[in-house]
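The structure is placed below for reference.

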Amino acid sequence: MDSLELCRELAIIIVAAKICGLVARKIRVPQVAGEIVAGLIIGPSLFGWVQTSDFLGDLAEIGVIFLMFNAGLGTNINTLKKTGIKATLIACAGVFIPLICGALLFMTFYGWSAPGTEEFYRGIFIGTILTATSVSITVQALKELGKLSTEVGQTIMSAAIIDDVIGILVLTFVIGLKDPSQSIAKVVFSTALFFVFAVGAGYVIFIAFRKIDERWPHTQRIPILAMALAFGFSYIAEHFFGVADITGAYCAGVILSSISDSDYISRKMDIESYMLFGPIFFASIGLQTNVRELDMTILLFSVFFVIVGMAAKVVGCGAMARILRYNGSDSLKIGCGMMTRGEVALIVAQRGLKMGLLKEQFFTSVILLIIVSSITTPIILKLLYSRNVTKPASIKAQ
């Protein structure tokens, strides 16, 4: 691809992604869903104006690193400490149940395979996609209802944060097992070793950044150094420890999440992500999906993928909330609040495609899950709160 052709395709991607993203936001669907649809429109599914290439793939990879770094920056360590064991247990159930249900769904459609086989890992990976929760839509819905500061609202928000952390760990572990030269013990050891390194080096880096932040607050050198840290940790994670580069980027964000200028870093990093790398990444999901090649099996699978994906979160998180002595109504709200999927699910799916654990046509299932869950979750929450508007949203004190 020559430079002129590349400029043409980048212009088409950016304009189409932004137009579709704005339309999506107008109809109360996540903007990323619109950007994915843009990829479907300009890609082989419809007009064929843009084709995937190695260069666009590299730009999309940078977009993934930015997204995961920003996700790490948005992790509130203090909130995680305060919510403690309840949110952690709800998040664990919200990862485990969808993981198992997703794997069983895949094997029901495509055959039962013995542990250790390629198809077995494909099934586990389908379950891994379902582990991630995107809480942004739920947070907005709870804000509009005036329920974000309640016990239920705070539990949902904290559990979703922990949910993503556990989901990244699961992703790291499953990708490690994909390598036939890796044993379970070796994957566990290398993953644990990386996190030991991340904690140790992260503490030193955090102290250094805090001093820089105190001396030169709100200066360009801080986000520049932060960007270097994101890329550096991504490289170290994959090259030296065999851990997914996005895990390194996420850890880099967590390291800087508690410094004073974390919001400033996030805003500056978001400029590149919002204007270029983010749209390219999400549009590339659509570009890699050709709906003309879909058959009835994958379409039927997509329907069940959406149903199972949403129901598994309700059952997993809601049941654990009930065990933790939340009342029935609040348990259901917590389960429904955790149904939404977004960027992290797409990032996991894209990583699976790169590693050969996922075929392109399964992106259709992920896209449908994001759109359906994002539309229905606010509606369901509103109905649940309006049904018992006179009842206090609290847990049973024990």
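I noted the convention for handedness before anything else: a crossing is right-handed if the near helix is turned clockwise from the far one by less than a right angle, and left-handed if anticlockwise. The model is predicted.

Entry 1, overall content. I counted 15 helices and 0 strands in the protein. I found that 53% of the 398 residues count as buried. I then looked up the accessible surface, which comes to about 17800 Å², with 67% of that belonging to carbon and sulfur atoms. Of the contacts between residues at least 6 apart in sequence, 80% join residues at least 24 apart.

I took H12 as residues 296-323 and H15 as residues 363-387; their axes come within 9 Å and cross at roughly 40°. The two helices are therefore oblique to each other. H12 passes H15 in a right-handed crossing. From H12 the contact draws on Ile-298, Phe-301, Ser-302, Phe-305, Val-306, Gly-309 and Met-310, and from H15 on residues including Thr-364, Leu-368, Leu-369, Val-372 and Thr-376.

I took H3 as residues 54-73 and H9 as residues 221-241; their axes come within 10 Å and cross at roughly 110°. H3 and H9 are therefore roughly perpendicular to each other. Their crossing is right-handed. Ile-62, Ile-65, Phe-66 and Phe-69 of H3 meet Ala-226, Met-227, Ala-230, Phe-231 and Ser-234 of H9. I recorded 8 nonpolar, 1 polar and no charged residues here.

Notes. Residues are numbered from 1 along each chain as its sequence is written. This is a predicted model: local features need pLDDT of at least 70, side-chain atom pairs count only at pLDDT 80 or more; totals for chains, interfaces and linings use all residues. Side-chain values use heavy atoms; hydrogens and water are left out. Axes are lines fitted to C-alpha atoms, for helices over the stretch in contact, and angles run from 0 to 180 degrees between N-to-C directions. Helices (H or I, at least four residues) and strands (E, at least two) are DSSP runs, numbered from the N terminus. Angles under 35 degrees count as roughly parallel, over 145 as roughly antiparallel, 65 to 115 as roughly perpendicular and the rest as oblique. Contact means heavy atoms within 4.5 Å. Buried means under 20% relative accessible area, exposed over 50%, partly exposed in between (1.4 Å probe, protein chains only). Accessible areas come from the Shrake-Rupley method with a 1.4 Å probe; for residues, only the protein chains shown count as cover. Ala, Val, Leu, Ile, Met, Phe, Trp, Tyr, Cys and Pro count as nonpolar, Asp, Glu, Lys and Arg as charged, and the others, Gly among them, as polar.
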